[in-house]
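Hi,

Here is the structure I promised to pass on. Have a look at it first, and then read my notes below.

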Amino acid sequence: QEAVVQMMGSVDTLAQMFNHFLDIHRIESGGLSVNLQTFELQSVFNELMRQYGLQAADKGLQLRMSVTDVQVHTDRVLLSRILGNLIGNAIAYTDKGVVWFGYRRSKQSIEVRDSGRGIALARQEVIFKDFFQVQKTPHTRAQGYGLGLSIVRRLVNLLHLDIGLRSELGRGSVFS
């Protein structure tokens with residue numbers, strides 16, 4: 001039974017990695033279509049809360065969002081994928097405290113903040129490269145393949161947006 005569980009885990013891992021490679025191929029080959037539309041950002045935020053709330057709670061974290069009435073004009077599905085990846089990473093790399101996301105009207109940007117470990121300045125650019133992973137600690141479960149943030153960067157570029165990062169070791173990170 002233990003061998004079957006391990007094999008199933010390996011199959012899941014290969015399937016997830018294959019899907020990441022397909023995503024990268026679709027983006028780079030132009031096979032991923034962009035469907036621009038105007039929609040209420042809050043509807044995406046509500047979906048993300050439902051999608052990631054249990055994952056955060058299972059880890060003992062608080063997942064919070066700000067409420068907004070802003071409308072945006074972009075691809076709803078791709079924006080949701082970008083934010084979902086950032087929120088999922090924030091949860092994965094935060095051991096205690098809060099993960100927050102919301103719209104900052106003063107900066108006209110969406111932010112995902114965490115109270116996690118933070119990212120050293122020297123690594124802040126390299127985290128967007130394929131297969132790069134922040135060093136894991138003994139308390140960290142196996143996480144990702146180092147492709148999520150590279151996909152985020154590709155999607156952000158596809159949507160002609162910018163991605164920002166502010167982080168300090170031991171003080172968390174803010175992606176915008």
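This is a predicted model: local features need pLDDT of at least 70, side-chain atom pairs count only at pLDDT 80 or more; totals for chains, interfaces and linings use all residues.

Phenylalanine 45 belongs to helix H2 and phenylalanine 101 to strand S4, so the pair ties together parts that are 56 residues apart in sequence.

Five strands make up an open sheet with mixed pairing, in the order S2-S4-S5-S7-S6. Strand S2 (62-65) and strand S6 (165-168) are at the edges with a single partner strand each, so one side of each has no neighbour in the sheet. From one strand to the next, the twist averages 10 degrees.

S2 and S4 (residues 98-104) run parallel and are joined by four bridges. Phenylalanine 101 turns up again here, as the bridge partner of methionine 65.

Then the helices. H2 (residues 41-58) lies across S2, S4 and strand S5 (109-114), at about 175 degrees to S2. Helix H3 (residues 76-92) lies across S2, S4, S5 and strand S7 (172-175), and runs at about 20 degrees to S5.

One last thing to look up: arginine 76 has its charged end over the ring of phenylalanine 39, 5.4 Å from the ring's centre.

Cheers

How values were computed:
Residues are numbered from 1 along each chain as its sequence is written. Side-chain values use heavy atoms; hydrogens and water are left out. Two strands pair if DSSP finds at least two bridges between them. Helices (H or I, at least four residues) and strands (E, at least two) are DSSP runs, numbered from the N terminus. Axes are lines fitted to C-alpha atoms, for helices over the stretch in contact, and angles run from 0 to 180 degrees between N-to-C directions. Contact means heavy atoms within 4.5 Å. A charge sits over a ring if NZ of Lys or CZ of Arg is within 6 Å of the ring centre and within 35 degrees of the ring normal.
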